[in-house]
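Work through the exercises below with the sequence and the model at hand. Each task is followed by its solution.

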Amino acid sequence: EDNLLSGYENNYLGVFLFQGGFVFLALADISTSELEFIKTRSDDYSKMRSTICKFSPKEIVVLNSQKDKWNLLFPNEKAMVSILNDPHLEREIDSEKTDFSLIEKILKAYLRENYRDIDFSFHRAKILDETKILEMDEDTVRNLNLIEGQNEKEHSLFSVLNRCKTQKGKRILKHKILFPTRNMDSIRTQWKKIELLDKNKRIKNELKNLLSESADIERILSRF
């Protein structure tokens with residue numbers, strides 16, 4: 001529920017799938033309709049643990065046949081685990097496909113079964129390509145205090161950098177801190193935009209004033 005979230009906080013529902021030598025993860029933000037897919041090799045569990053740590057889903061959906069594998073790979077995961085019993089989807093695990101089609105079906109099946117009165121409509125899924133971002137393991141994320149923790153909300157990198165005027169902006173900043181790009185062209189483009197705004201103080205201040213008065217449009221639109 002929105003009233004259980006802080007102003008900008010995401011509310012992720014995760015879906016876990018082990019298929020064809022790969023580990024798949026879907027992260028659906030129930031509060032903003034954002035959807036992201038991640039795929040890693042089955043022998044690289046540390047990368048998937050790091051990704052789950054960064055997104056901090058409130059709930060993870062696992063097919064009944066894979067619950068033991070989940071418990072073995074992620075014994076310390078704090079998210080609530082929900083088991084989905086669907087024989088039809090279970091049979092598709094042996095398919096030769098190694099794309100995101102099955103994990104998307106699992107997500108939709110779980111939502112239909114548990115949220116029958118809500119018609120979820122997510123944005124087009126973003127595929128998180130971990131070859132294009134700076135790799136940080138779970139311990140690094142925690143030790144560097146990148147984002148606000150439960151006990152130290154004022155001493156994180158996020159709290160130092162956060163000057164955002166909108167809730168959407170705060171969510172974007174948090175995502176960029178946790179998944180920093182390694183693409184130099186993208187970094188240079190962002191710096192040029194920052195320099196352009198910095199040289200135009202009047203426009204910058206007008207934008208800040210306008211944005212500070214705006215509601216969380218993304219979250220509002222997700223309800224329709």
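A charge sits over a ring if NZ of Lys or CZ of Arg is within 6 Å of the ring centre and within 35 degrees of the ring normal. The model used here is predicted.

**Exercise 1.** Find the ring that lies under the charged end of Lys39.

Solution. The ring is that of Phe22, and the charged end of Lys39 sits over it at 4.3 Å from its centre. Phe22 also belongs to an aromatic cluster, together with Phe24, Phe37 and Phe100. A further case is Lys69, which lies over the face of Phe18, 4.2 Å from the ring centre.

**Exercise 2.** Classify the ring pair of Trp70 and Phe74, and decide whether each residue is buried or exposed.

Solution. The structure holds 10 aromatic pairs. In the pair of Trp70 and Phe74, the ring centres are 4.5 Å apart and the planes stand at 35°. Planes under 30 degrees apart count as stacked and over 60 as edge-to-face, so this pair is tilted. For burial, the cut-off is under 20% relative accessible area. Trp70 has 1%, so Trp70 is buried. Phe74 has 5%, so Phe74 is buried.

**Exercise 3.** Do the classification for Tyr115 and Phe120.

Solution. The centres of these two rings, Tyr115 and Phe120, are 5.5 Å apart, with the planes at 90°. The pair is therefore edge-to-face. Partly exposed covers the range between the buried limit of 20% and the exposed limit of 50%. Tyr115, at 30% relative accessible area, is partly exposed. Phe120, at 22%, is partly exposed.

Definitions and conventions. Residues are numbered from 1 along each chain as its sequence is written. This is a predicted model: local features need pLDDT of at least 70, side-chain atom pairs count only at pLDDT 80 or more; totals for chains, interfaces and linings use all residues. Side-chain values use heavy atoms; hydrogens and water are left out. Rings of Phe, Tyr and Trp (its six-membered ring) pair if their centres lie within 6.5 Å; planes under 30 degrees apart count as stacked, over 60 as edge-to-face and the rest as tilted. Buried means under 20% relative accessible area, exposed over 50%, partly exposed in between (1.4 Å probe, protein chains only).
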